[in-house]
Amino acid sequence: MSDVTARAAAGFSSAFGAEPAGLWAAPGRVNLIGEHTDYNDGFVLPFALPHRTVVAAAPLPSPRWRVWSEQSDETIEFDAAQADQPGKIDGWAGYVAGVVWALRSAGHDVPGASLAVASDVPAGAGLSSSAALESAVLTALADLGGLAVPVAERPELAQRAENDYVGMPCGIMDQSASIRAEAGHALFLDCRTLEIEQIPFDVASSGLAVLVVDTRAPHRHAGGEYASRRRACEEAAALLGVPALRDVEDLDAALAALPDEVMRRRVRHVVTEDQRVLDTVELLRAGRVREIGPLLTASHASMRDDFEITVPEVDLAVSTALAAGAYGARMTGGGFGGCVLALVDADALDAVAAAVAAGYAERAFTAPVWFAARPGAGAERVG
Ligand code: ADP
Ligand code: MG
């Protein structure tokens with residue numbers, strides 16, 4: 001039993017004085033490439049982390065829910081009336097109530113349950129601990145209640161929990177990765193059709209590794225900036241007369257048709273980023289893993305210069321990793337802090353990470369945290 005699974009089981013026993021009926025896990029994710037493309041109906045290519053959120057659960061005889069999390073060491077209770085009112089349960093338990101709400105709204109008879117949560121997905125670092133929590137809870141409740149919820153429909157339900165119950169307008173990527181990822185693969189997701197394709201991404205057999213650096217940069221205005229980027233994209237699509245920026249076919253013509261320089265840069269990011277995802281997928285299908293490096297770096301430049309969602313800590317991690325020999329590096333996640341990933345030779349991993357840490361020390365930035373990310377499995381029962 002992994003540490004985090006054992007902690008969820010032990011937490012269940014101490015919070016509820018009983019044994020769980022089962023244990024369910026769902027991973028955090030990093031996005032290899034395709035940033036701010038999901039809500040533009042475009043393409044993304046995330047993969048699941050080995051870091052997981054585990055839920056230990058057992059049914060209750062009536063429709064009410066008791067949730068404990070190691071993170072806050074408190075138990076929150078809510079009933080069906082509270083679950084049926086979006087926003088009624090706030091704070092971290094809102095993500096759990098949101099899943100109950102989304103399932104009930106879709107007509108499922110969600111079983112009452114006691115749930116204990118433990119996680120080694122860092123919260124708020126852009127590795128999608130929120131989707132990991134939603135996905136683990138959703139998988140647990142679906143199994144406990146024997147609910148007929150096809151796996152293909154689960155990401156949208158988890159997304160609705162976050163969008164409509166918690167009130168965070170995230171796209172479909174995070175929940176898709178947490179639920180549908182497969183070990184050793186990246187998940188190529190068409191955010192319009194929700195079609196997926198598992199793309200082999202076996203970095204280790206190519207002698208490579210993906211270094212993930214959690215910059216620990218404080219999130220600055222992330223919510224408001226996300227909303228404003230989203231709005232700019234929607235306005236641009238409306239001006240261009242297309243349903244979404246994914247539909248822009250001639251970038252130069254589109255740029256010429258837009259009245260505003262900032263809007264032109266936002267559009268250029270989204271349109272070129274979609275193409276970089278497609279190009280990355282082509283290279284990975286051909287087993288040319290190392291060659292995706294320049295696409296990662298170009299993605300970063302586009303986020304920095306055109307979409308303007310990076311911060312100095314993030315830019316420094318990217319430039320330092322590249323100077324230390326990375327094949328490519330980029331910020332991953334919504335921006336304004338969060339994580340950077342770098343594609344490196346496996347035996348250069350420590351040296352690149354050390355170079356980034358040294359660069360941070362020199363600038364008196366908070367010391368970064370880093371790990372090597374291998375593509376892990378999606379949500380599943382683990383005990
Ligand atoms: P990210 O998804 O990038 O980690 P978010 O702000 O979207 O950041 O989600 C983080 C929030 O999700 C936390 O503040 C907390 O409310 C909730 N959360 C995530 N994991 C847990 C957990 N294991 N226990 C309790 N709450 C959690
Ligand atoms: Mg999140």
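Me: What makes leucine 138 count as buried, and in which helix is its place?

Reply: In this predicted model, leucine 138 sits in helix 4 (residues 129-144), where helices (H or I, at least four residues) and strands (E, at least two) are DSSP runs numbered from the N terminus. Buried means under 20% relative accessible area, exposed over 50% and partly exposed in between, with a 1.4 Å probe and protein chains only; leucine 138 has 0% relative accessibility and therefore counts as buried. Contact means heavy atoms within 4.5 Å, and, not counting residues up to four places away in sequence, leucine 138 touches Val99, Arg154, Leu157 and Ala158.

Me: Why is arginine 52 called buried?

Reply: Arginine 52, in strand 3 (residues 46-59), has a relative accessible area of 16%, and is therefore called buried. A polar contact is a pair of N or O atoms within 3.5 Å; within protein, one must be able to donate a hydrogen and the other to accept it, and residues adjacent in sequence count only if both atoms are side-chain atoms. The side chains of arginine 52 and glutamate 380 are joined by such a contact, of 2.6 Å.

Me: How do you know that the span of helix 10 agrees with what its residues should give?

Reply: The expected span of a helix is 1.5 Å times one less than its number of residues; the 13 residues of helix 10 (residues 293-305) should therefore span 18 Å, and the end C-alpha atoms are 19 Å apart, which agrees. Among the buried residues of helix 10 are Leu295, Leu296 and Met303, and their cover includes helix 9 (261-285) and helix 11 (312-323).

Me: What makes a set of residues a nonpolar core, and how many residues has the largest?

Reply: A nonpolar core is a set of buried Ala, Val, Leu, Ile, Met, Phe, Trp, Tyr and Cys residues joined through side-chain atoms within 4.5 Å. The largest has 41 residues, and those with the most contacts inside it include Leu211, Leu245 and Val344. A second, separate core of 38 residues includes Phe78, Ile89, Val137 and Leu157.

Me: How do you know that strand 9 and strand 11 pair?

Reply: Two strands pair if DSSP finds at least two bridges between them; strand 9 and strand 11 are joined over seven bridges, in the antiparallel sense. Both belong to an open sheet of four strands in the order 10-11-9-12.

Me: Which conventions lie behind these values?

Reply: Residues are numbered from 1 along each chain as its sequence is written, while chains are lettered from A and ligands numbered from 1 in the order in which they are written. For this predicted model, local features need pLDDT of at least 70, side-chain atom pairs count only at pLDDT 80 or more, and totals for chains, interfaces and linings use all residues, while side-chain values use heavy atoms, with hydrogens and water left out.
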